[in-house]
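Here is a friendly tour of a protein model, written to be read with the structure open beside you. Please keep the viewer at hand as we go from the overall fold to the spaces inside.

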Amino acid sequence: MLLSGYYLAAAVGGLLLSTLSYLLMTGPQRKLVYNRVIAWSPLIKSDRRAPSSKTPPRSVSPEKKVPSNIPPPCEYQNVFPPWRREALLNVANSSSLGQGDSSTPSSFSDPLFRYGLLPFTADYRTCAEPVSTYTPMGISLSEVQTLGDFPDYAELSGIPLPGPYREFKVETALPRPYRPFRWAYHQTMSLTKIEPDWWLELEQNYVKSIAERKELFAKFGKMMLDYLPGSELACKELMEIALQFLCARYPQYFSLSCSDEKGYVFQNGILKNETVIKDMHPLHVLLENVPEDFAVMLRNPDDGCYYLRAGVLCSSLGWNLASKLGMQLKEIHKPIPDYKEKMEFSMDRYFSKMPTARAIQRGSWGLEIDKPLFMPPGDPHEAYRDFQMPRSELPISRVHLRVDWQTLRRLPLSGAIIFNFKALFTPIEEFRK
């Protein structure tokens with residue numbers, strides 16, 4: 001009994017002495033003792049079982065996690081759209097492309113392509129090394145030049161030309177009744193596959209619409225039509241695809257001819273005039289003949305993101321081309337509620353990987369007072385968005401459903417993504433029918 005008490009007293013005394021010694025140590029001495037204890041700890045046997053569960057430990061502060069609906073940032077510098085070089089080879093087999101020159105499609109080199117991308121602001125027509133300079137579609141500028149004007153875009157893109165609509169009469173034609181409603185409402189991209197026959201649709205107001213758009217451009221200029229360096233190939237490509245479409249869809253009204261004197265000439269049977277293609281910028285050709293809006297989005301090789309670099313926009317409300325030109329996709333949509341949280345990642349990813357053969361369409365809609373086509377800053381119509389008019393002051397005859405029917409397609413040579421749309425107005429009173 002006395003022996004046990006002796007051992008207990010010795011143990012307590014030793015513990016007190018050790019504690020006192022530790023407290024009297026300097027900082028470096030305490031750190032040395034701590035490191036030695038940690039080094040010895042694996043050698044000490046323990047009766048406690050090691051945990052068998054492979055589930056990771058729970059976060060101490062789960063509230064600090066990034067919400068799962070906001071994806072992490074992505075890098076798109078090395079993400080390129082799907083190539084269609086096999087289509088280029090098919091076009092080459094039916095033309096002079098590649099017959100004995102160094103720009104033959106089969107001479108393509110992937111490493112050379114990645115180090116020879118056309119600079120963002122460079123004009124493809126003045127490139128010093130066209131054989132070794134490429135568009136994001138893996139096509140060299142030498143191949144683009146060899147294709148010449150108005151190549152077979154249906155083969156190059158994978159989107160067939162429309163069938164001829166010979167019974168169409170522009171004097172009596174009505175637009176299709178677009179009704180892109182969804183209920184309950186969910187903010188999504190709402191994409192559907194494009195109908196190739198209806199990419200560009202004409203109706204009985206064609207002559208009036210062209211005249212109105214030209215008047216707006218004469219008044220507002222670069223707020224409606226402009227282009228930045230580096231967009232030359234995309235603008236030319238867009239214009240040629242649009243004119244090919246009109247000639248194929250409405251052959252009774254439109255045709256395209258070529259002569260040594262004038263080059264390509266577009267004949268417009270509705271307006272009863274002709275356009276010499278080489279005498280006019282491609283976007284002005286569209287303004288004079290196609291009553292739709294076009295925005296040209298180009299891939300920046302520095303970051304792989306898409307920027308608005310050119311356009312002809314006559315139907316924008318609350319914004320205009322001058323206020324958005326040069327902006328990245330996410331910057332353009334910054335004012336849209338919940339865009340960053342719900343749509344930015346999906347849109348960036350979609351633009352980076354969109355194939356040329358999979359053009360899409362969608363519709364956005366809203367209620368408008370009257371039929372405003374273009375609203376520059378300070379326009380009196382803006383005041384209607386600041387307050388709710390009393391029902392007694394707003395006759396139902398002034399209320400219209402406005403549908404912006406939109407399409408999105410990638411061009412096969414430049415890799416540009418073309419966003420085009422048109423505004424259609426339907427009086428609310430017609431829904432009673």
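## Overall picture

Buried residues make up 42% of the 433 residues in the chain, where buried means under 20% relative accessible area, with exposed over 50% and partly exposed in between (1.4 Å probe, protein chains only). This is a predicted model, in which local features need pLDDT of at least 70 and side-chain atom pairs count only at pLDDT 80 or more, while totals for chains, interfaces and linings use all residues. Residues are numbered from 1 along each chain as its sequence is written, and side-chain values use heavy atoms, with hydrogens and water left out.

The chain has 13 helices and 10 strands; helices (H or I, at least four residues) and strands (E, at least two) are DSSP runs, numbered from the N terminus. Of the contacts with a separation of 6 or more, 70% are between residues 24 or more positions apart, a contact being heavy atoms within 4.5 Å.

## Strands and their pairing

Seven strands form an open sheet with antiparallel pairing, in the order β1-β8-β9-β10-β6-β7-β2. Its edge strands are β1 and β2 (225-227), each pairing on one side only. Two strands pair if DSSP finds at least two bridges between them. Within the sheet, β8 (residues 360-369) and β9 (residues 399-410) pair in the antiparallel sense over 10 bridges, and Ile369 has Val399 in β9 as its bridge partner.

Another pair to look at is β3 (residues 254-259) and β4 (residues 263-268), which run antiparallel and are joined by six bridges. A hairpin of three residues links β3 to β4, and the bridge partner of Ser255 is Gln267 in β4.

## Cores and buried pieces

The largest nonpolar core has 67 residues, and Trp199, Phe254 and Phe294 have the most contacts inside it. Helix α8 (residues 232-249) provides the largest share of this core, 11 residues. Apart from it lies another core, of 18 residues, among them Met297, Leu313, Leu329 and Ile332. A nonpolar core here is a set of buried Ala, Val, Leu, Ile, Met, Phe, Trp, Tyr and Cys residues joined through side-chain atoms within 4.5 Å.

Not counting residues up to four places away in sequence, Phe294 touches several residues, including Trp199, Leu238, Leu286, Val312 and Phe419. One of these, Leu286, is also among the buried residues of α9, which are Pro282, Leu283, Val285, Leu286, Leu287 and Asn289. Six of the eight residues of helix α9 (residues 282-289) are buried, so it is largely enclosed by the rest of the structure.

Is Leu202 buried or exposed? Leu202 is buried, with a relative accessible area of 5%, and lies in the loop between β1 (192-193) and α7. Leaving aside its neighbours within four places in sequence, Leu202 is in contact with Phe168, Ala173, Tyr250, Phe254, Ile270 and Pro291. Leu202 and Phe168 are 34 residues apart in sequence and 9.4 Å apart in space, C-alpha to C-alpha.

## Cavities and a pocket

The structure holds three cavities of 30 Å³ or more. On a 1 Å grid over the protein atoms alone, a cavity is a set of points where a 1.4 Å probe fits but cannot get out, and a pocket is an open set with protein on both sides within 12 Å along at least five of seven lines; lining residues have an atom within 4 Å of a point. Grid points are joined across faces, edges and corners, and a volume is the space filled by probe spheres set on the points.

| Space | Volume | Lining residues closest to the centre |
|---|---|---|
| Largest cavity | about 200 Å³ | Leu118, Pro136, Gly230, Leu298 and Ser414 |
| Second largest cavity | about 90 Å³ | Ile159, Pro160, Leu161, Ile241 and Arg409 |
| Second largest pocket | about 920 Å³ | Glu203, Asn205, Ala423, Leu424 and Phe425 |

In the largest cavity, α8 gives the most to the lining, with three residues. For the second largest pocket, the largest share of the lining, six residues, comes from β10. By class, that pocket lining has 14 nonpolar, five polar and 11 charged residues. Here Ala, Val, Leu, Ile, Met, Phe, Trp, Tyr, Cys and Pro count as nonpolar, Asp, Glu, Lys and Arg as charged, and the others, Gly among them, as polar.
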